[in-house]
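Please bring up the sequence and the structure, and keep both in view while I speak.

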Amino acid sequence: MDLFIRYILIGIGNGAVYAALALALVLIYRTTGLLNLAQGEMALFSAYLSWWFTTHGVPIGLAIAFSILLSMIGGAVIERVLIRPVTAPGKSHLNVLIVMLGMFLAINAISQLLFSTDAEPMPKPWPSVSSPGDPVGRSARLLDIGNTSISWAVGALALTLIGLCLFLYLLLQKTKLGLALRAVASNPASARMVGINTSAMLMVGWALAAGIGALAGSMVAADRGSVSPGLMTVVLVYAFAAAALGGFDSPVGAVVGGMIVAIAESLTIGYVDALSTIELVVPFALILLVLLVRPTGLFGRRVVERV
Amino acid sequence: MNRSRWRGPLALFAVAMLLMSSCSSRGDDSSDDGGDGGDGGNGDVESSIDIDDCETDPTAEIEGDTIKLVSSYPQSELVGAFAEIARGWAAYFDKVNEEGGVEIAGKSYQIEFEDKDDVYNPQQTASNIEELVGADGSNAFAVFSVVGTANNINVRDFLGELCVPNLFAATGSVAWGNPDYPWLLGSTLAPYTLEAQAFADYLKENQPEAKVAMLVQNDEFGATYEQGFRQAIEGTDIEVVAVEEYPSGADEVSTQVASLAASDADAFFNGATLLACPDALTSKQDEGWEPTTWVSATCISKTLMILAGAAGDGALSFTNLKDPLNPAYADDPAMVAFKETVEQYRTDFKGRALDLENAIILYGYVQAEIFVQALEAAEAPTRLAVMESVHNIDGFTSDLAIDGVSFTTSGGDDPFLGESLRLVQYDAAAGHFSEIGELQDWEGETLSLTPEDLVNA
């Protein structure tokens, strides 16, 4: 039983990260109808940026905040400079796909060039215990349930996700900006007609996604204890799985999907020896199953077109 | 908006990622095809190399006065850290050249070398080596210090058929004992089975009823650890109570370690390498699990152990070379000379910053030292003579090796150099491993300690 709880906790920690990155994917998908293949590498760049600030004496919390801010600017610039020119109406989606694949490779290479090709120790933005010979310290214990202790790492990751969800809910449901974003996502043509600046909204969508990615990337690096060039590759695959499972246009779906995928992953490694080391199969089997029954994902909206 | 349009590319992407991960995790298995059973244990110690089928003449003498060596190893991305090995051997060859070169059968030769980046990709290694050596083997005398097990396996057929020596392969695979490939020789890195043997020996003495949990990579590297360890504990009261595998390339193994911790094992063989190694140690600490711990010798690295930090404290491993991080060697004359030589000749190397405390520079340096000794002991400046010389190294030493360590080979019966070692233990507060216990000597025993199918992989 204790072990089962440990697996669930590990799943929740990873799930928070998959969910956060999936949220970034969903935000871009909702406003632009695009799946951002480079989302993971953008987050990697941001994580390195956070690390770089810490090496210049900035406390980790502030470093992540700076990184989120700069990443949002970067996201908006990417939308305007790289994505916009290839997404004009009438152009094939394949053009964007190729641009994104290019970004996937280029941003990883640039991260290595600018920052480091090595695994660099990443400080933790939550309480940690340090000891001699330990540059970043270990996550402190948050609370004990029976024989199982929950570390601050899992707590902080889960809290971050909850905070992120709250922020997005308030932004999308309670602000004018959110209304405009939703309007563009729902019906770009009509939104434009009622005077919403759709092109600005697209930039805002990318900026938000890049900011969320920065948060996810920095948190996963802090959890793993280091940031390295391969950090986000696997995380991105799981985030895709999470978004596909939950429905590409549903933030709630992304969160639920992230948790399901991560807990399934952890339980598979723990209990199903036959699938050990190919545990990626499980989330994809789940997706296949869900897409067969509900092609729009668990929480996705069905699009009805009038003819 | 048409959602289904995206499902195709997404599926393709997902499949590509899966393929990538399965390819990388199965890289080593591809060698199964090349083994041909390979049970012909050719017993003759002297001149054990059959040259009848050679596509080039291995008895041809070097023309001119340079020996051309070529190599392929990772020089970019995360794996680019392995390039530091080459900084070490390049510095030593530079020094030898400046001091007049290497003398074979009364004539002096300069050592020239050329290398290419393979980003640790075995396919890239193969095309690099084919280009550097030439289809007829005429562009280079020998291949030196190719990094990676799968990478060396990918070139051993090509080089074996040409009869071009592939020397000091930079991994501890036991496959370098395969008698089908007499033109391939490993380096001073200890064969992986000896690690398993060393940990078993340590437990026999200190924890004779140990329950052992093992974390291993799901390939031949991990299988060598696991099978080697099981063989080493036969007939003892030590028991393997849990084994978890992780896919090669994974850097997050907390679930595997949680499962191992739940087995109540009181000893832990951490066979993980690269980032999975420190992650296993920190996960172990997170679980509150405190077993006697062995870490893979591939994890003895400043970068990796720093990531483990205090979680690595007390971890055991072994080595045969002096550790530049260890302050005990700060004033050691050989260590001082080594650092001066590297600084003098190779402060600049592939645009990488020089860190003289990085142990793999020293490792590369020692390989060059031993190779030069073997070249000078060769009877003639031919590939065959050099190959016979490296196959009959009799107790070479290096001042950079730990006291008492020597390097010996004996034809096909004992092609392994690194068989005498000392245990080391990590001191997290000091940030380095320190030697403990007596010198362990398994000279000539690796083949008998290793399951045969692993050697003939």
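Predicted model: local features only at pLDDT ≥ 70, side-chain atom pairs only at ≥ 80, totals over all residues.

Residues are numbered from 1 along each chain as its sequence is written, chains are lettered from A and ligands numbered from 1 in the order in which they are written, and side-chain values use heavy atoms, with hydrogens and water left out.

Let me begin with the disulfides, where a disulfide is a pair of cysteine sulfur atoms within 2.5 Å. How many disulfides does the structure hold over all chains? There are 2, and I will take them in turn.

One of them joins Cys54(B) to Cys163(B), with an S to S distance of 1.9 Å, and with -85° about the S-S bond this link is left-handed. Cys54(B) lies in the loop between α1 (4-26) and β1 (66-73) of chain B, whereas Cys163(B) lies in the loop between α4 (149-162) and β5 (166-169) of chain B, so the pair ties together parts that are 109 residues apart in sequence. Helices (H or I, at least four residues) and strands (E, at least two) are DSSP runs here, numbered from the N terminus. Are these two cysteines buried or exposed? Cys54(B) counts as buried at 15% relative accessibility, and Cys163(B) is buried as well, at 2%, where buried means under 20% relative accessible area, exposed over 50%, and partly exposed in between (1.4 Å probe, protein chains only).

The other disulfide is formed by Cys277(B) and Cys299(B), whose sulfur atoms are 2.1 Å apart. The torsion about their S-S bond is about -95°, so this disulfide is left-handed. Cys277(B) sits in helix α8 (residues 276-286) of chain B and Cys299(B) in the loop between β10 (292-295) and α9 (302-308) of chain B, 22 residues apart. Cys277(B) is buried at 0% relative accessibility, and Cys299(B) is likewise buried at 0%. If the bonded cysteines of chain B are numbered in sequence order, the pairing reads 1-2, 3-4.

Turning to the aromatic residues, a search of the whole structure finds 33 aromatic pairs over all chains. Rings of Phe, Tyr and Trp (its six-membered ring) pair if their centres lie within 6.5 Å, and planes under 30 degrees apart count as stacked, over 60 as edge-to-face and the rest as tilted.

Among these pairs, the rings of Tyr73(B) and Trp89(B) have their centres 6.2 Å apart and their planes at 85°, so the pair is edge-to-face. Tyr73(B) belongs to strand β1 of chain B and Trp89(B) to helix α2 (residues 83-98) of chain B, 16 residues apart. Tyr73(B) is buried at 1% relative accessible area, and Trp89(B) is buried at 2%.

Phe93(B) and Phe371(B) also form an edge-to-face pair, with 6.5 Å centre to centre and 75° between the planes. Phe93(B) lies in helix α2 of chain B and Phe371(B) in helix α11 (residues 359-377) of chain B, so the pair ties together parts that are 278 residues apart in sequence. Phe93(B) and Phe371(B) are both buried.

Finally, the charged end of Arg156(B) sits over the ring of Tyr181(B), 4.0 Å from its centre, where this wording requires NZ of Lys or CZ of Arg within 6 Å of the ring centre and within 35 degrees of the ring normal.
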